[in-house]
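Dear colleague,

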Amino acid sequence: GDLASRGFRSYKMFLAYKRRGMMVRDSFLFEAMAEIHKQRGIALAHAENGEFIDYLEQLAIREGRTSVEHYEPTRPAEAEAAAIEVLALAAHATGCPTYVVHLSSDQGLAAVQRARRRGVPIWVETCPQYLLMDNDTMCRHGATAKIAPPLRTKADLRSLGTALLT
């Protein structure tokens, strides 16, 4: 309430970055979104399933898969779609308008589209890098092209670009 009284209306949460201490748990997400809705705000979310990513990252480290080509498989499109499904549940349950930041994949887009067809108040953005570069770019350029969510496939680029045109 205090932030809203000072004019803040948008609140960003991270569903990833478990080991950095930034990841919100589902219980916090639902409670926060209920309060954000009560304050007539909007929830923004970095949508990657942090538990799944953490498992995949730790497994890759244990198995010695730590070079650049192993990055995207530790943060797969399925993790993005799964996080969006949880966000959509929270948005539906609380009525809180929800905005997914920097969408990277066709699977994530499909999750948003399914939720919107059900009447869930959810919107999405993407970024130029997800429209212009793919995972091959990261493999060529290394860490300078390492972002989260990761760069995806050419098919994901086409899907996101097509969605912008409709």
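Which residue in E2 does Tyr-11 stand opposite? Tyr-11 stands opposite Ala-43. The model is predicted, with local features requiring pLDDT of at least 70 and side-chain atom pairs pLDDT 80 or more, while totals for chains, interfaces and linings use all residues. Residues are numbered from 1 along each chain as its sequence is written, and side-chain values use heavy atoms, without hydrogens and water.

Strands E1 (residues 10-14) and E2 (residues 42-46) run parallel, joined by five bridges; strands pair if DSSP finds at least two bridges between them. Helices (H or I, at least four residues) and strands (E, at least two) are DSSP runs, numbered from the N terminus. Together with helix H2 (residues 26-38), E1 and E2 make a right-handed β-α-β unit: with the strands pointing away from the viewer, the path from the first strand over the helix to the second runs clockwise.

On E1, Tyr-11 and Met-13 form the covered face, whereas Ser-10, Lys-12 and Phe-14 form the uncovered one. A search of the whole structure finds one aromatic pair (ring centres within 6.5 Å; planes under 30 degrees apart are stacked, over 60 edge-to-face, the rest tilted). Phe-14 and Tyr-17 make up this edge-to-face pair, at 5.8 Å centre to centre and 65° between the planes.

In helix H8 (residues 154-165), the buried residues (under 20% relative accessible area; exposed is over 50%, partly exposed in between; 1.4 Å probe, protein chains only) are Asp-156, Leu-157, Ser-159 and Leu-160. On the other side of H8, Arg-158 and Leu-165 are exposed.

Terms used:
Rings of Phe, Tyr and Trp (its six-membered ring) pair if their centres lie within 6.5 Å; planes under 30 degrees apart count as stacked, over 60 as edge-to-face and the rest as tilted. The expected span of a helix is 1.5 Å times one less than its number of residues.
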